Amino acid sequence: MRSHAAVPDHDELLEAVVETLRDELAPSVSGRGRYLLKACVAALETVRRDLAAGPARQEVDAAVFAELGVADERALVDEIRSGLDPERFAEVVAALGRRTEVELRVLGR
């Protein structure tokens, strides 16, 4: 864990919670409680990544959704769940692949 300033930022707070859950609590929990704890840690780590990506992620998302002709991620999910023809499926996969590449660059991975 990093050295914390007098007032920790969002990332530092999330990091502290993740480390506490993973390193301090997880070893003493079993069964369903352990599964739920791991799911919570994964959710918090997703939030940390999204916060780190910030406005750059929002810009990329907006461009991808505009390219696909959908309003937002929810609209795309709804379209996918209703079924896609093979051409549309390929279009969605390509656009999401580009989104992932940009996201990885933004997050420095």
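The protein chain has four helices and zero strands, counting DSSP runs of H or I with at least four residues as helices and runs of E with at least two as strands, numbered from the N terminus. Along the sequence the pattern is α-α-α-α. The model is predicted: local features need pLDDT of at least 70, side-chain atom pairs count only at pLDDT 80 or more, and totals for chains, interfaces and linings use all residues. Residues are numbered from 1 along each chain as its sequence is written, and side-chain values use heavy atoms, without hydrogens and water.

The C-alpha trace spans about 50 × 35 × 20 Å along its principal axes. Buried residues (under 20% relative accessible area, 1.4 Å probe, protein chains only) make up 22% of the 109 residues.

The axes of H1 and H2 come within 10 Å and cross at roughly 160°; they are lines fitted to C-alpha atoms over the stretch in contact, with angles from 0 to 180 degrees between N-to-C directions. The two helices are therefore roughly antiparallel, the term for angles over 145 degrees. The residues in contact (heavy atoms within 4.5 Å) are listed below.

| Helix | Range | Contact residues |
|---|---|---|
| H1 | residues 10–25 | His 10, Asp 11, Leu 14, Glu 15, Val 17, Val 18, Leu 21, Arg 22, Leu 25 |
| H2 | residues 31–68 | Leu 37, Val 41, Leu 44, Glu 45, Val 47, Arg 48, Leu 51 |

By class, this contact of H1 with H2 has 10 nonpolar, one polar and five charged residues. Here Ala, Val, Leu, Ile, Met, Phe, Trp, Tyr, Cys and Pro count as nonpolar, Asp, Glu, Lys and Arg as charged, and the others, Gly among them, as polar.

Terms used. Parallel < 35°, antiparallel > 145°, perpendicular 65-115°, else oblique. Buried < 20%, exposed > 50% of the residue type's maximum accessible area, 1.4 Å probe, protein only.
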